[in-house]
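These notes are meant to be read beside the model, and they take up two topics in turn.

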Amino acid sequence: MTAPAAQGAADALRRRIGEARLQPGERLGEVALAAELGVSRNSLREAFSELAVEGLVVRRPHRGVFVAAPGAEDVRGLYRTRRVIQLGALQHGWLTPAAEERIGRSAELLGRPEPAVRELGDANHLLHLGIVDLAASPDLSRVMSSVLARVRLSFLPLDLETGLHQAFAERNRWIAGRLLAGDLDAVHAMLEGYLDEAEAFVLRHLDGAAHGLRG
């Protein structure tokens, strides 16, 4: 079992990744980060081990610990996981207080007159976490927190380069509105196609970036 200090550090880093405050490939300096998080270096190493198992960080011998940079196969696996968990939450869940609070925060960001790209990304992240909160399962919510953190890593730097979140903003507003009205069936009916389109969008970008590097 992970010690409380190490678990707190892992939760903090997972949250930073999910909020796009850490970038793919960024090196995580052990000394400075332990001091910043207020934990020992041993606790931080334990946190790194937990995050490495989740695929959020990678250890490179003699170089240190780096934020992961998900590739195409990672993205395919993440979206398979999302379909199972999110569609299941919509089918079997209800508007729990936790879901209502998180989806409401997403709706507030989406409802701003001219939300910034970062705000649209945050709103998207909150909305999809909120969908899993419908299941009233802390275990599923913990799993989805890690999954969506990895998904957000795969989005970077799509946020700025491709208009990814602008492309889904109107649908996210609709989803938030239907969920807050308790119409889970309507969201369930459209979400698989939505996830298919989002996955294809990300994979096209990753394939284009790979071709660019080879060129």
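1. A pocket, as the term is used here, is an open set of grid points with protein on both sides within 12 Å along at least five of seven lines, and a lining residue is one that has an atom within 4 Å of a point. The model under discussion is predicted, and its largest pocket has a volume of about 550 Å³.

2. The lining of the largest pocket comprises 22 residues, and those that lie nearest the centre of the pocket are R14, R15, R102, L129 and S145. By class, the lining residues divide into 11 charged, 6 polar and 5 nonpolar.

3. Which helices each supply at least two residues of this lining? They are α1 (4-18), α3 (41-54), α5 (97-110), α6 (117-133) and α7 (138-155), and the largest share, 7 residues, comes from α7.

4. Two of these helices, α1 and α3, also deserve a look as a pair: their axes come within 8 Å and cross at roughly 50°. The crossing of α1 and α3 is right-handed.

5. On the α1 side the contact involves A5, A6, Q7, A9, A10, L13 and R14, which meet S43, L44, E46, A47, F48, E50, L51 and E54 in α3. The residues of this contact of α1 with α3 divide into 9 nonpolar, 2 polar and 4 charged. R14, one of the α1 residues that meet α3, is also among the residues that lie nearest the centre of the largest pocket.

Notes
Residues numbered from 1 in each chain as written. Predicted model: local features only at pLDDT ≥ 70, side-chain atom pairs only at ≥ 80, totals over all residues. Heavy atoms only, no water. 1 Å grid on protein atoms, 1.4 Å probe; cavity = no way out; pocket = protein on both sides within 12 Å on 5 of 7 lines; lining within 4 Å. Points joined across faces, edges and corners; volume = space filled by probe spheres on them. Helix = DSSP H or I, 4+ residues; strand = E, 2+ residues; numbered from the N terminus. Nonpolar A, V, L, I, M, F, W, Y, C, P; charged D, E, K, R; others polar. Axes fitted to C-alpha atoms, helices over the stretch in contact; angles between N-to-C directions. Left-handed = near helix turned anticlockwise from the far one by under 90°. Contact = heavy atoms within 4.5 Å.
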